[in-house]
Amino acid sequence: MPRRSVLSDGGGSTWGVAEYGDPAGHPLVLHHGLIGSAVLPHVWDQLAGPAGVRLIAVERPGYGVTPPREMSRIDEWATLLEPLLDRLGVDAFDVLGISAGAPYAYALAARFGERVRGVWVLSGLPYVCDDAVRGHYPRAAEPVWTFYREGPPDEVAASFAAAAPRFAGAFATSPTMLAALAEVDDHHQRGPAREVRLQSRPWGFTLADVRRPVRLWHAVDDDQVPFEAVRATAALLPDARLTEQPEPTHVPAESSLRALFQELADR
């Protein structure tokens with residue numbers, strides 16, 4: 001199993017990175033969820049290799065071993081990541097976003113244009129800075145979004161710290177997620193607190209700027225991200241195809257992973 005590395009991008013920033021699959025394969029840059037890291041279950045390595053994919057998982061600031069760092073908008077992600085992509089020798093590539101990692105995948109496609117061949121999204125966060133898209137969430141969620149958008153960062157971080165035992169219970173059967181949760185706590189929850197603030201504010205680009213093919217999988221019965229909000233998001237993308245994940249869970253199912261890597265292999 002590949003080990004996580006701490007890499008310098010040559011510009012003074014360090015990043016937690018892990019690679020899986022075929023080292024000589026086509027690069028696919030993975031963005032983890034709201035709780036996550038570059039350490040992935042073994043199935044990712046098993047599927048990426050035969051598909052000819054060099055899977056590169058990068059930890060955003062405040063996750064894993066990447067130090068916290070402030071951002072004012074999601075579109076800044078492309079500027080932050082570009083030196084690391086150059087350091088890794090990545091030219092043309094695909095992007096993958098899991099859950100809260102989806103906006104960052106869209107940001108790279110909006111910024112880099114045809115350098116990004118395709119966008120792949122598993123259980124992705126919708127375009128929640130848009131009132132109409134966010135309106136597909138339950139009414140009770142709106143005060144939470146307001147708190148994330150306008151609340152003091154320290155208070156938002158404290159809310160995630162208070163929720164850590166609940167997350168630990170939900171991840172009880174996943175050693176990789178439990179480890180990721182502990183690392184987020186080591187950074188005093190600054191990663192998730194920043195993420196939810198940026199999600200609920202203007203992203204710095206619109207989905208109309210994502211002019212690359214987007215392939216999404218999402219469960220109709222996802223109890224964390226409403227399917228209708230994802231459908232509304234897909235409708236705003238110039239070239240998107242949404243598939244219903246048969247397993248009724250927010251966690252990307254192995255069937256979705258297999259379909260994703262099969263499409264990459266076939267392409």
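Two strands pair if DSSP finds at least two bridges between them. The exercises below apply to a predicted model.

**Exercise 1.** Which residue in S8 does Trp217 stand opposite, and in what sense do S7 and S8 pair?

Solution. Start with the strands: S7 covers residues 214-219 and pairs with S8 in the parallel sense over 6 bridges. Strand S8 spans 240-245. Within this pair, Trp217 faces Thr243 of S8.

**Exercise 2.** Give the strand order of the sheet and find which strands lie at its edges.

Solution. The sheet is open, has 8 strands and runs S1-S2-S4-S3-S5-S6-S7-S8, with mixed pairing. Strand S1 (5-8) and strand S8 (240-245) each pair on one side only, which makes them the edge strands. From one strand to the next, the twist averages 25 degrees.

**Exercise 3.** Classify the crossing of H2 and H3, then describe the contact.

Solution. Helix H2 takes in residues 76-87 and helix H3 residues 102-112; their axes come within 9 Å and cross at roughly 80 degrees. Angles of 65 to 115 degrees count as roughly perpendicular, so H2 and H3 are roughly perpendicular to each other. On the H2 side the contact uses Trp77, Ala78, Thr79, Leu81, Glu82 and Leu85; on the H3 side, Tyr104, Ala107, Leu108, Arg111 and Phe112. These residues divide into 8 nonpolar, 1 polar and 2 charged.

**Exercise 4.** How many cavities of 30 Å³ or more does the structure hold, and which residues line the largest cavity?

Solution. There is 1 such cavity. The largest cavity holds about 30 Å³ of space. Its lining consists of Tyr106, Val121, Gly124, Leu125, Pro126, Leu216, Val230 and Thr233. By class, the lining has 6 nonpolar, 2 polar and no charged residues.

How values were computed
Residues numbered from 1 in each chain as written. Predicted model: local features only at pLDDT ≥ 70, side-chain atom pairs only at ≥ 80, totals over all residues. Heavy atoms only, no water. Axes fitted to C-alpha atoms, helices over the stretch in contact; angles between N-to-C directions. Helix = DSSP H or I, 4+ residues; strand = E, 2+ residues; numbered from the N terminus. Parallel < 35°, antiparallel > 145°, perpendicular 65-115°, else oblique. Contact = heavy atoms within 4.5 Å. Nonpolar A, V, L, I, M, F, W, Y, C, P; charged D, E, K, R; others polar. 1 Å grid on protein atoms, 1.4 Å probe; cavity = no way out; pocket = protein on both sides within 12 Å on 5 of 7 lines; lining within 4 Å. Points joined across faces, edges and corners; volume = space filled by probe spheres on them.
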